Structures are given as C-alpha cells and as structure tokens.
Amino acid sequence: MTGHRMMRCWNLPEGRCCMESDSSSFNRIPQKAICISLFASLILILLALGLTGHLGFPQRHLQNEQHQTVRFTAPDPTGVLLLNQSAVVDQQNGLVTFSVTSGANQTSTVLFDIKHGLICYQPVHQEICFLRTMETSDYENVRSLLQASVHKQSQFQLSVNETRRQTEFLGVLSASQTDVLTLEEPLKLLCQNRTIYWTKRTEGPGKQRLVYFCIDICFPNSICVSVCFYYLPE
C-alpha cells in the first residue's frame, strides 16, 4: 500500500526549506537535519569559491596589495618640476612599469620585465615598441626601486644637484621587427597592435645619425638615465 505524500516546511535562519515525503517514512528520516546540512554545504561551497578567487572580489583585493605605486619628483629652486614620473612595482611577477611624463605633459611607458630580463620602451603618441635585454646596471637600478617598495616608500623627491646623470644610446635594428605573439604576456599586452623592434646598446649615433628621441628615467638610488634612440643602417 502506497503512503500518502506529505509536504513539510521549516523556517531556518538560512531560509525556508520544504520537503515532500511518504507518510510511512516521514518519521524515520530526520528531514529537518537534511535541510540544515544542505544549507551548510552551500555556504561552505560559496566560501571556498570566494577564498580561491572564483567570485572575483578577493582576487582583486589581493592584486591591489601586490602592486605599489612609487612617485618621483625633482623640482628646481623655483619649484618647477624637472621630473614627474611614477613606477608601479609588481613584486610577485618581477615587473616594474614606469610612466614618464615630459614637460609637454606627455607620458611614455617603460616596462622592466625582471623575470625575463627584458626592457620595453613605448614612446608617447607612437605606435611602436623598442626592446632590449637587461644589463647589470639595469638590475642594480631596479633593485633600489624594489627595496623601496618593500619598505613601503611611495614618494621620492630627488635633488637636482645630487643626482647622477647618465646617457645611454640604443641603436634601433630596423631589420629586426618582431611579432608580438613571440613575447611574454606583460610585453605582449603593452605592445599589442604596435610595431616592435629590437635595439642594442652603442657608443653613440655619430655625426651621420640623428637621435630619434630620448626618455629620462630616475631611480631611488639618485641615478637618472637618459635613454636615447636612433636608427642603425640596415
């Protein structure tokens, strides 16, 4: 003989739970406990998704903690800014991204990819990227910035008189155009839809070559490097 179907509901703190069962087995199964277990399991699943970042919000919070912005200024005696730049430090991925603003209020981007030993220069208002491998001096300069980030220093005011200035010349290898798909993710994102060239460090352009443009970058160790580009003969 088939028992009658019954519906029973409970008002739980987590919400209302209703279950249907046979009258013959209604008293044998602790259905209120089943409802509570279901709600508890759902809450545990949501918490697990949140902790692993699948819900999105904690992931963004952790990402913000991994990035620190360091700002550099260098005013002259009259208060006019001779230098206005910032650097976003990503310790976990070994990335330092400089935003260098010129006197005309135009910003170029320089990315130091420490993990892969590369520097990428993206000049303002130009659909182009220049690449070169990092050298010992580059690692030393960037290390001073990483140390400042560890100590939570977010503002540097450099003295014009005490700053050591250096000039580097990079020859652009016009025959070395590179496909963006061959680059790692941070460089690929920066240089997307841009023409990419490799460069090499040289002694200078000589009288027969004109400097294309320069980007000035300063570091917490009071070293400012003027990186100047020119095209090498093919």
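A disulfide, for today, is a pair of cysteine sulfur atoms within 2.5 Å. Okay, housekeeping before the tour. This is a predicted model, where local features need pLDDT of at least 70 and side-chain atom pairs count only at pLDDT 80 or more, while totals for chains, interfaces and linings use all residues. Residues are numbered from 1 along each chain as its sequence is written, and side-chain values use heavy atoms, with hydrogens and water left out.

So, cysteines. The structure holds 3 disulfides. Let's take Cys-214 and Cys-228, with sulfur atoms 2.1 Å apart. The torsion about their S-S bond is about 110°, so this disulfide is right-handed. Cys-214 sits in strand 12 (residues 213–218) and Cys-228 in strand 13 (residues 223–231), so the pair ties together parts that are 14 residues apart in sequence. By strands and helices I mean DSSP runs numbered from the N terminus, helices being H or I with at least four residues and strands E with at least two. Cys-214 is partly exposed at 40% relative accessibility, whereas Cys-228 is buried at 6%. The cut-offs there: buried is under 20% relative accessible area, exposed is over 50%, partly exposed is in between, with a 1.4 Å probe and protein chains only.

Next, Cys-218 and Cys-224 are joined with an S to S distance of 1.9 Å. That link is right-handed too, with 110° about the S-S bond. Cys-218 is buried at 3% relative accessibility, and Cys-224 is buried with a relative accessible area of 3%.

Then there's Cys-129 to Cys-191, S to S 2.4 Å. This link is left-handed, at -105° about the S-S bond. Cys-129 is in strand 8 and Cys-191 in the loop between helix 4 and strand 11, so they tie together parts that are 62 residues apart in sequence. Both Cys-129 and Cys-191 are buried.

Cys-120 is buried, by the way, at 0% relative accessibility.

While we're around there, look at Gln-122, in strand 7. Gln-122 is buried at 12% relative accessibility. Setting aside neighbours within four places in sequence, Gln-122 has contacts that include Cys-129, Leu-190 and Arg-194, contact meaning heavy atoms within 4.5 Å.

Glu-127 is in the loop between strand 7 (118–122) and strand 8 (128–133), and Arg-194 in the loop between helix 4 (185–190) and strand 11 (195–202), so the pair ties together parts that are 67 residues apart in sequence. Glu-127 is exposed at 55% relative accessibility, and Arg-194 is partly exposed at 22%.

Last stop, the network. Salt bridges link Arg-132, Glu-135, Asp-138, Glu-168 and Arg-201. Within that, Arg-132 pairs with Asp-138 at 3.0 Å between the closest N and O atoms, and both of those residues are buried. Glu-168 meets Arg-201 at 3.5 Å, N to O. Glu-168 is in strand 10 (residues 164–178) and Arg-201 in strand 11, so they tie together parts that are 33 residues apart in sequence. Glu-168 is buried at 4% relative accessible area, while Arg-201 is partly exposed at 38%.

Terms used
Salt bridge = Lys/Arg side-chain N within 4 Å of Asp/Glu carboxyl O.
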